[in-house]
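Me: I would like to go through this structure with you, one topic at a time. Could you take my questions as they come?

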Amino acid sequence: MLLSEQDQFLSYNGEVLLFQLSKAKHTEEADDKTMNLCVRRMAFNSDTKLFVQKSSGIFNMHAGHSEIEMICCSCTTDSRTGIILPCILMKKKKHNNVKYFVLLLHSSNQFEQSFCFKLDYELKEDIRLFAGPSVLWKHANKLFYISSNTCVVQSAPVQLSSVVWTGEIVGEGTVVLGIRTACLPETEDADGFSVSDRAIWGSEFFGHAIQTQKMLTGTCFMPHAYSRVVSSVYICKTERLKTQLRISLVAVTHKNQLIWFQNGVPKGVCELPYEKPCSVKSALTSSNDLLFVVSFASGNSCVVQRRDSLQVASKWQKVKCVLVDDFIGSGSEQLLLLFKDDSNTDVLSTFKITDLGEVNYASGINYKHDVPAAEGLQENGLLTVRALETRLQAGWTSVRELQQHLGLKKRVILESCRALIDLVEERTHILPSTKQVKCRRRATSLWNSAKLFVEGLVSLWDDVENPPHSLSKETLLVSEVPEHFTEELWQRVVGDSLVVGVKLTESFHLSLRDVSLSLVMDQDFSSISPIIKCQSKIIKLNKAFSALAVSSSQIEPPPKKMKLDLHSKSDLKKEFPKRSSRIQQDGAKTVIAVTSLSPLLAFHRVRCVVLLHARKQNHQDDSLQQSKKITVLCGKILLSLEGISNGRYSVKILRDNNYCTGSMEDILAVLAVSVRFSFQIVSSDCTLTLVRSWLLGEMECTPFKECQDNIFCHKAGNVCGTVFNWTLKNPFEGVLTIFCRNLTVLFQCLHSLTRVLPPSCAVKLLRSGSRGVLTDQLALALEKEMLTSKNSLFLKGTEAENSLTWGNESGKTTTNAPLASLLDTEEGVQQFRQKLQNEREESMQSMNQTMNGALYQKIALKIAEAQLSSDLIVWRLS
């Protein structure tokens, strides 16, 4: 059947309804004319990817000398049953008499005439079909409507210029949103802004409820300022909170824009690609994307997508109409675009089905080779969505379990902190009772040694053999450390950092690589951890102050391996012991902890316990597990806002003539908060005397009295407070060490230095430690790593030998006769087969050996520590 210009398309329950008006074929007399309204139900076939006819129906109308025409069609609610049915408005005109009648189409393809009415004029403007069925139109700036319940034309008591939307609103019934000339009150009311807005633009929005004859405030839809430009509206959502009506809508304007309004306030705008937009509708796709389909008077269409903002997602030209429904049966909506095609006028010959995502079908494409993939994609779409929803639910369950684990971790950490404070204060720690801690029985893998029982939190050491013995051993280690290892405790405030230092005595002979400080708040806080996050540094100065070494913990390689020793508190940023010959064995050593000051000031007054942690290595066994931990109580510090304001903890470095004066603690505090950088400067054609002149002149540096090689910068600006150390190896090569607050200061210093140095000079950044010493340390570390791997494999093989029985099974013997003699007899062949079978079983057992979890953890720990040491040295050499 060929299409005509008057044919109407309507989507209903995933089908396309095609309404066509034609003359009857068997008309004998000219004055006896019969017109047929034919409907064809078209459905999309997933196999052929084409629309096929499912059924059809015909409604006969006696025309006579009248002209019959289809005005519009829509899906409306039948008030008798509450079922949504297709509805068609027909016009029958004879001379000056115009008769209109409304038809309903049932599922059996039977047409029912709902009602009819006569007018002395033709309907041309703003014709709408809505629930009832009912018809609404505008004529002579008045609003008229008729319903199947009354069958009487009624007029609304409003004057209007246009209707932009008709539909249902919660609690109000059918509402007409229109634009009219502003009706200004004689006196200013409470809605002053609305009155002023209407006075400026001369027009306003209004909402009129058909059933209740109630007027709604237009500003709950959109401001009156848009009344001059809006041509069509689509309301997305309406809800009522108490007495307030909340509305979300989109509107198209004569300015070629689509605007999104939320509760009367514009939230977004999008420029449309074509002119004269006339209507807008929405579609909800499978990916929960809300699409707005805009149709234009020129026959073009576009789709606007709303995610973070409104944006045009796609556009098409020469579009006959756009329908929205679930045409492929996926459970979500798609767009059906019917295109104008002059060469082919067959029914639904040129179309496109899309949701701007996975669904994309078009006419004229051969899907024969793509049918399996396309079918699988579409038919399994719903199953995929369900599977994803199940995974999402499982992920949410995992998140909740993780939150419970984090809560458990927080409680364990807080209880451990309280136990640590009691241990430092030499008090007996009492675990919380059942009344204090109530929790459900749940197995957790946060730590292998942490358990949670019904009676409450238990000790972290409960799963270790002989807990009382282990605890007493740890207590003895603390008490065995002589108190004269620590000589002095001091504190300084430098900028936004708190620096706490512990000076060690000369008799402190333990390795500095395993020494660190901890700061523990002495107050009882229930919601926060009393452990203060800080960074430990080690500074060694000999008596002559001729050499200075600061741990390079500020610059480290990217972490490669996670630390496995959970019982150790030492950081991954361990510094290898300096073996420079310039540092004497009797040099003074200071351990420093640096932490942020501002979080502590929130408590006004903070009292902290300072703990020194060290590790005593067992020289017979180089394994970290065999080393002993020691903890020394160094004392307590008190920090208050009053003391900081009075400058009690401030650094005092003064300029006295040609030297810089300051206590050793002030100097160490400045070095501790600084970042250390060493640069090798090499000049090929001139000496480097300009460097010292630059330091003493342009940088305004003065040397410390104790050592003239280390100089303090007094230049105004950011570089003030920077410490320099200039060492000449020969007149053409030297090393410049800069201790600065941040990288900005470093770049300023280097920029100033490069302007002084000749262009032929080469400046190279050096890693901490000399190359020769690091090379020796790398050789030792690689050797240790190789021996660790070898010993681990040997230990595995030894335990495997003990767990396996090699050779023949007990009670069975095989002779060691020559192979040729065994194969001569049947009994010998059986013995050979038995021996071969035993060897095969032994070989399989040797390849399928299992390892104890504790043994594997011990081996992995040793190998990881050895590899970490070698990787750190390799990074320093790079």
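Predicted model: local features only at pLDDT ≥ 70, side-chain atom pairs only at ≥ 80, totals over all residues.

Me: How many bridges join S3 to S4?

Reply: There are 12 bridges between strand S3 (residues 34–45) and S4, and the two run antiparallel. Within this pair, alanine 43 stands opposite valine 52 of S4.

Me: Which residue forms a salt bridge with arginine 41?

Reply: Glutamate 15 does, with the closest N and O atoms 3.3 Å apart. Arginine 41 belongs to strand S3 and glutamate 15 to strand S2 (residues 15–23), so the pair ties together parts that are 26 residues apart in sequence.

Me: Are those two residues buried or exposed?

Reply: Arginine 41 and glutamate 15 are both buried.

Me: How many salt bridges are there in total?

Reply: The count comes to 15 salt bridges. One of them joins glutamate 122 and lysine 93, at 2.5 Å from N to O. Glutamate 122 is in the loop between strand S8 (111–119) and strand S9 (125–130), while lysine 93 is in strand S6 (residues 84–94), so this pair ties together parts that are 29 residues apart in sequence.

Me: How accessible are glutamate 122 and lysine 93?

Reply: Glutamate 122 is partly exposed, with a relative accessible area of 24%. Lysine 93 also counts as partly exposed, at 26% relative accessibility.

Me: Which residues are linked with them in a network of salt bridges?

Reply: The network links Glu69, Lys91, Lys93 and Glu122.

Me: What about arginine 246 and glutamate 239?

Reply: Their side chains meet in a salt bridge of 4.0 Å, N to O. Arginine 246 is partly exposed at 26% relative accessibility, and glutamate 239 is partly exposed at 32%.

Me: Changing topic: why is strand S11 described as largely enclosed?

Reply: Strand S11 (residues 142–147) has 5 of its 6 residues buried, so it is largely enclosed by the rest of the structure.

Me: Which strands are joined to S11 by bridges?

Reply: Strand S10 (residues 134–139) is joined to S11 by 6 bridges and runs antiparallel to it. Histidine 139 stands opposite lysine 142 in S11. Strand S12 (residues 154–159) is joined to S11 by 4 bridges, also antiparallel, and tyrosine 145 stands opposite glutamine 154 there.

Me: Where does a positive phi occur in these hairpins?

Reply: In the hairpin of S10 and S11, with 2 residues between the strands, alanine 140 in the turn has a positive phi of about 55°. In the hairpin of S11 and S12, with 6 residues between the strands, cysteine 151 takes a positive phi near 55°.

Me: And what of S13?

Reply: Of the 8 residues of strand S13 (residues 162–169), 6 are buried, so the strand is largely enclosed by the rest of the structure. It is joined by 7 bridges to strand S14 (residues 173–181), and the two run antiparallel. Serine 162 stands opposite isoleucine 179 in S14.

Me: Finally, what does the side chain of arginine 492 join in a polar contact?

Reply: Arginine 492, in strand S31 (residues 486–494), has a polar contact of 2.6 Å with the side chain of aspartate 666. Arginine 492 counts as buried, at 16% relative accessibility. Among the residues in contact with arginine 492 are Tyr649, Glu665 and Ala669.

Me: How buried is helix H7?

Reply: In helix H7 (residues 664–672), 8 of the 9 residues are buried, so the helix is largely enclosed by the rest of the structure. The buried residues of H7 include Glu665, Asp666 and Ala669.

Terms used: Residues numbered from 1 in each chain as written. Heavy atoms only, no water. Buried < 20%, exposed > 50% of the residue type's maximum accessible area, 1.4 Å probe, protein only. Pairing = 2+ DSSP bridges. Polar contact = N/O pair within 3.5 Å; in protein donor to acceptor, adjacent residues only side chain to side chain. Contact = heavy atoms within 4.5 Å. Lists of a residue's contacts leave out its neighbours within four places in sequence.
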